[in-house]
Amino acid sequence: MAGFPHTNAANKYARDVVSEKIPACKWVKLACQQHLDDLKRTGKKFPYYFSKEAAEAVILFVECLPHTKGEWARKRKRLTLEPWQKFIFACIFGWKRKSDKTRRYREVYCEIPRKNGKSAIAAGLGNLMFTIDGEFGAEVYSIATTEKQAWEVFRPAKLMVERTEALRDLFGIETNASNMHRPLDGSKFEPLIGTPGDGSSPSCAIVDEFHEHKTDEGYETMLTGMGARNQPMMFIITTAGSNISGPCYDKRKEVQDSLLGTRPREDLWGIIFTIDDEEDWDKPKALHMANPNLGVSINKDWLYLQQKNAIQSPSRQNIFKTKHLNLWVAAKEAWLNMTSWNACGEDRLTIEDFKNDECYFVVDLAHKIDICATGRLYRRLDEHKQIHYYFFPRFYLPEHTVFEGKEKNNLKKYQAWVNAGHLETLGTTEINFETLREDIIDDCQGMDLKEVIFDPWRAAQIGQQLENEGMPVMNFPNQVKFMSPAMKELEAAIESGRFHHPNNPVLNWMAANVTNKEDKKQNYFPDKEKAEFKIDGIVAAIMGVGRAMFEPEAGDTINTDFVNW
């Protein structure tokens with residue numbers, strides 16, 4: 001092969017991103033920098049090498065495939081990959097293991113906003129894995145949660161093959177109504193809703209719009225079924241979503257950790273096209289940063305108009321941010337800005353740092369079979385006399401709710417959090433309030449306890465018991481007149497970076513679930529879209545902030561509406 005123009009274009013894209021000639025977010029820069037750094041490491045001790053030949057071949061193959069939609073399809077044009085697309089293909093197919101010359105990357109995560117040519121990438125990759133990958137009896141699946149979504153990748157892939165006679169003839173491909181088949185070796189490419197049956201041995205699984213998957217069951221089934229393959233590939237291509245407790249967000253976090261080097265994974269490659277935390281979403285620069293195909297497959301004027309409409313209509317903002325900027329927003333009408341919330345998370349924050357500080361100990365008692373949340377809230381003043389809040393949560397559930405409860409979508413999360421120590425089981429079939437009371441007393445030992453704060457509607461008995469133990473107990477009714485000012489202060493603290501939390505995954509999930517029930521007088525009250533979307537930890541934080549914001553040294557007096565038991 002004379003020269004490697006496509007691979008050179010891919011490498012130049014990486015250099016241009018790193019040098020900021022091309023606007024890109026932190027995660028794209030890290031993906032490019034990782035590739036360039038690894039190219040410098042390809043010495044004797046580095047277990048991988050980059051094959052320009054392999055990278056060039058796959059890009060050439062994809063560019064032989066035709067467009068299937070729009071004006072370019074009408075004119076029978078073939079695909080022309082942009083430099084950023086060449087970079088993706090070059091990385092995932094060009095990097096090899098020195099030990100056996102198979103592909104380095106077995107899992108790939110691409111988060112790309114809408115209208116940026118995701119389907120062409122996925123369909124091209126699927127056809128590549130179905131034909132020239134060299135896997136005997138290849139099994140390629142386009143998997144999704146609905147039939148319509150599963151066909152979003154398979155339909156253009158099938159059209160590409162049907163419109164490329166030379167490809168059909170070379171590989172003996174038969175196209176049927178619902179699959180493509182190669183009789184010579186039994187290879188197949190088909191859409192799939194859910195998981196493959198017993199006996200399936202996927203060589204490639206393309207997961208489209210992974211954010212719509214409530215659990216990772218399908219993904220894990222595919223992954224575990226690939227054991228007999230030499231170089232299988234799990235390929236995720238998705239936009240952002242709203243379920244930050246789902247498998248897609250978990251995989252996104254895994255990619256981010258790998259790119260940052262905090263939890264590196266040599267077999268996982270990912271790229272996330274979005275905007276940086278400090279970037280204004282309502283500025284034109286954000287569109288260029290998050291949309292690599294702006295002006296190519298996505299019309300600039302159209303996207304500018306979508307941004308303008310979102311600015312003018314708050315009800316459209318979450319959809320715009322999610323689908324066109326890849327910003328994860330939690331509930332459909334989420335109260336908290338999750339980008340701001342995530343920026344307040346500090347992995348190294350520990351309770352030991354506050355052993356000499358006054359503590360507000362908050363308890364939000366749920367039903368006996370539901371999540372119970374307690375939390376320690378501390379306040380400090382900075383040099384500008386602004387209040388900073390520090391919140392450390394603790395969560396409880398009965399064993400039955402964790403392992404056999406009715407909330408099927410939550411069970412896997414609950415079990416994972418229990419195993420990781422983020423969620424504790426307390427009682428068999430319901431919360432054991434007697435043991436909880438003892439836990440609260442133990443937690444409060446040795447601290448500078450300011451108050452134990454309860455909602456009296458659910459906690460009158462345990463509150464009275466603690467008061468009998470000599471503990472300072474304070475009533476915080478979950479009513480609008482108390483919750484609204486606390487919610488507004490918490491929201492302001494989060495937006496200004498004055499609220500700090502230890503990145504507890506249960507609390508993060510709950511933060512994403514909170515919606516704001518607002519009345520005509522612009523009073524706030526925390527709410528949730530569904531019963532399975534728990535918010536107890538955030539309610540506890542609201543209660544704590546509601547008490548701590550009235551400290552006299554902050555320039556206010558104690559609100560006398562709050563009364564002792």
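The model is predicted, so local features need pLDDT of at least 70 and side-chain atom pairs count only at pLDDT 80 or more, while totals for chains, interfaces and linings use all residues. Residues are numbered from 1 along each chain as its sequence is written, and side-chain values use heavy atoms, with hydrogens and water left out.

**Stop 1: helix H13**

Helices (H or I, at least four residues) and strands (E, at least two) are DSSP runs, numbered from the N terminus.

Colour Gln317, Asn318, Phe320, Lys321, Thr322, His324 and Leu325, which are buried in H13. Buried means under 20% relative accessible area, exposed over 50%, and partly exposed in between (1.4 Å probe, protein chains only). Then show helix H11 (284-290) and helix H12 (300-312), against which the buried residues of H13 pack. Contact here means heavy atoms within 4.5 Å.

**Stop 2: helices H19 and H21**

Select residues 480-495 for H19 and 536-548 for H21. Two packed helices are described by the angle between their axes and the distance between the axes. The axes of H19 and H21 come within 8 Å and cross at roughly 95°, which makes H19 roughly perpendicular to H21. Axes are lines fitted to C-alpha atoms, for helices over the stretch in contact, and angles run from 0 to 180 degrees between N-to-C directions. Angles under 35 degrees count as roughly parallel, over 145 as roughly antiparallel, 65 to 115 as roughly perpendicular and the rest as oblique.

On the H19 side, show Met483, Ala486, Met487, Glu489 and Leu490; on the H21 side, Val539, Ile542, Val545 and Gly546. In H21, 13 of its 13 residues are buried.

**Stop 3: two loops with positive phi**

Most residues other than glycine have a negative phi. Select arginine 76, in the loop between helix H4 (70-74) and helix H5 (83-94). Arginine 76 has a positive phi of about 60° and is exposed, at 74% relative accessibility.

Move to glutamate 209, in the loop between strand S8 (204-208) and helix H9 (217-224). Its phi is also positive, near 50°, but glutamate 209 is buried, with a relative accessible area of 10%.

**Stop 4: cysteines**

How many disulfides does a search of the whole structure find? The search finds zero; a disulfide is a pair of cysteine sulfur atoms within 2.5 Å. For cysteine 204, the nearest cysteine sulfur is that of cysteine 110, 12 Å away. Cysteine 32 is buried, with a relative accessible area of 0%, and cysteine 204 is buried, with a relative accessible area of 0%.

**Stop 5: lysine 188**

Finish in strand S7 (residues 187-193), where lysine 188 lies. Lysine 188 is partly exposed, with a relative accessible area of 24%. Leaving aside neighbours within four places in sequence, lysine 188 is in contact with Phe130, Ala138, Glu139, Val140, Tyr141, Met180 and His181.
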